[in-house]
Amino acid sequence: MITFSNVSKKYSRDSAALHEINIKIPTGDFVSIVGQSGAGKSTMLKLISAEERPTNGKIVIDGWDITKIKKWQVPHLRRQIGVVFQDFKLLPKKSTYENVAFAMEVGGARTREIRESVPHILKLVNLTNKATAYPGELSGGEKQRVAIARALAYKPQILLADEPTGNLDALHSWDIVQLLIKINKLGTTVLLATHNNDIVNALKKRVLTLSQGKVVADKKSGTYKL
Amino acid sequence: MIGVSFFRVSKAALQNSWRNVWLTLATLVIMTITLLVVLLLYYANIFGLEVIKDIEQKVDLSVTFKDGISEQQVNEVAKTVSSRSDVQGVQIISSEQALEIFKQRNIDKPFIEESLKELEENPLPASMFIVAKEPKFYEAIAGFLGTDRFAEIIDEIHFEDSRLIIERLISLIETIKNAGLIISAVFAGLVVLIMFNTVRLAIYSFREEIDIMHLVGASRWFIRGPFVIESILVALISVVMANAIAWPIIKAVAPTLTTFFFEGHIQGEPFDIYVHTLDNWPNIVGLQLAVAVGLAMFSSIIALQRYLKS
């Protein structure tokens, strides 16, 4: 369960990126976060991954108040949260396998565990046949699947996807969304920040609509409306 | 687990060094020069102190007795002088002993032997060597021996005031130490600057990896460790290089230095800088390690604080 209680985030005195947000996201939920650019979608995800700290309010993840999380605790939190970005953030000099393995290596996973887990994860994202390919040899959709595979390296409870289809064509976008649905069905809470109304409408899942840092709509099976 | 972690962090440290190989080499060279200056400073200090000790040990005050002075009179003078609180020891050389020493020294000169045979009496007077507890006491002892009390007994007083030499030596050593400290500080500053930039560039060239490390929850040790290990590695290699350069030089110059500075050494073996190095290598290498690792850690930690925001 992710709980936002009166959460506000200000980057400067005059502008609030988020303003008194109160939401509850149960474990295993699939939530699309929609809104125009600057509405506060990315800020919301950054607050969950402790990349940013709220100016006011409290954020609790599975009973853990991360509002005043200590620096040394951040890595522990991040191993429970997978993050996917629009620009993939892959290492160009590492193969698909190595990109996923790298995430596990720096997290301190044992070599044996890495050897066993990475093929499973690549199979889940349907990239077994691209294990030795480098990012430069992959399509946009495949790159995003590598990024998702990397995010799944620690079997996270939460997956944050910030505009994961922003750089992809319709076909590949839908491919990625299908993958996110599959991951969600395996029990992972998925938060998808997107501009893509077709995807949101087709998903028929919970939709949080943000506008100027405020939640203006929270529909259980919503559509993309601004 | 710790072993695996250390292996991965060390591997990343080697990758860091390789990506900025020229900068790493530059750091290595400057660090090695700094250590050589520190070594020079160390040896100048040790050597200077040994030279001073040697000068202090040398007999600076001797007297020769007049002809016809009996052994008893000589012993009485020796007893009186020995009883002074500023005198460490007295050595009497009788005229017979003096003759024997003279003969030994000129054993390869037959004409001297023949000349001595021509003389009916021993021409060499008895003498006495006095060692003071401290060099500053010699003047007072010489003054005491020059009083009327001994005028009928003592023929000549040979006194060379070494205080001036010692003072000059101390001053020279201080100058070398100060100059060495300034040079060391300049090189240490260079090491810090270069190491700082090496780490900064390494952070820049690893920015993508670092971003991802943050993203996937890599520990602080995994992110910062490679940079710290890289700098320690540079420090260790420069210690090896500095010693590889210094030791053969020390070995080569040691005999010349010993001959030049410690000729006529009285007690025990004269100071040998190479023997000193062999006897004290843990301290010498330890000093270098402390300087090198200290500088490396300091500069890399400052660079990490400045450029690696968590």
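Helices (H or I, at least four residues) and strands (E, at least two) are runs assigned by DSSP and numbered from the N terminus. Keep both in mind for the views below.

This is a predicted model, where local features need pLDDT of at least 70, side-chain atom pairs count only at pLDDT 80 or more, and totals for chains, interfaces and linings use all residues. Residues are numbered from 1 along each chain as its sequence is written, while chains are lettered from A and ligands numbered from 1 in the order in which they are written.

**View 1. Helix α3 of chain B has a buried side and an exposed face.**
Next, burial: a residue is buried if 20 or more other C-beta atoms lie within 10 Å of its own, exposed if 12 or fewer, and partly exposed in between, with C-beta atoms placed from the backbone. Val74(B), Val77(B) and Val81(B) are the buried ones to find in α3(B). They cover an arc of only 65 degrees around the axis, which puts them on the same side of α3(B); the arc is that of the directions from the helix axis to the C-beta atoms. An α-helix has 3.6 residues a turn, so residues three or four places apart point the same way. Turned away from the buried side of α3(B) are the exposed residues Gln72(B), Asn75(B), Glu76(B), Lys79(B) and Ser82(B). And what do the buried residues of α3(B) pack against? They pack against β1 (61–65), β2 (87–93) and β3 (127–132) of chain B.

**View 2. Val234 sits in helix α9 of chain B.**
Val234(B) has 28 C-beta neighbours inside 10 Å, so it counts as buried. Two residues are in contact if their C-beta atoms, placed from the backbone, lie within 7 Å. Not counting residues up to four places away in sequence, Val234(B) touches Thr24(B), Thr27(B), Leu28(B), Met31(B) and Ala296(B). Have a look at Ala292(B) too: it is 58 residues from Val234(B) along the chain, yet their C-alpha atoms are separated by 8.6 Å.

**View 3. Chain B meets chain A.**
Here 16 residues from chain B face 19 residues from chain A. On the chain B side, the elements giving two or more residues are α1 (2–19), α8 (207–215) and α9 (220–261). Which of them gives the most? That's α8(B), with six residues. Sorted by class, this side of chain B has seven nonpolar, four polar and five charged residues. For the sorting, Ala, Val, Leu, Ile, Met, Phe, Trp, Tyr, Cys and Pro count as nonpolar, Asp, Glu, Lys and Arg as charged, and the others, Gly among them, as polar.

**View 4. Helix α3 of chain A is largely enclosed.**
Ten of the eleven residues of α3(A) (residues 96–106) are buried, so the helix is largely enclosed by the rest of the structure. Among them are Tyr97(A), Phe102(A) and Met104(A). After α3(A) comes Gly108(A), with a positive phi near 90 degrees.

**View 5. Strand β6 of chain A is covered on both faces.**
All five residues of β6(A) (residues 81–85) are buried. Ile81(A), Val83(A) and Phe85(A) lie on one side, with Gly82(A) and Val84(A) on the other. Strand β7(A) (residues 158–162) pairs with β6(A) in the parallel sense over five bridges; two strands pair if DSSP finds at least two bridges between them. To spot one bridge, go from Gly82(A) to its partner Leu159(A).

**View 6. Four strands of chain A form an open sheet.**
The order is β2-β1-β4-β5, and the pairing is antiparallel. β2 (16–25) and β5 (64–65) stand at the edges with a single partner strand each, so one side of each is left without a neighbour in the sheet. Two bridges join β4(A) (residues 56–61) to β5(A), and Ile61(A) stands opposite Trp64(A).

**View 7. Glu20 and Ala50 of chain A both have a positive phi.**
Most residues other than glycine have a negative phi, and most peptide bonds are trans. Glu20(A), in strand β2, has a positive phi of about 45 degrees. With 15 C-beta neighbours inside 10 Å, Glu20(A) counts as partly exposed. Ala50(A), in the loop between α1 (41–48) and β4, has a phi of about 60 degrees. Is Ala50(A) buried or exposed? Ala50(A) is buried, with 20 other C-beta atoms within 10 Å.
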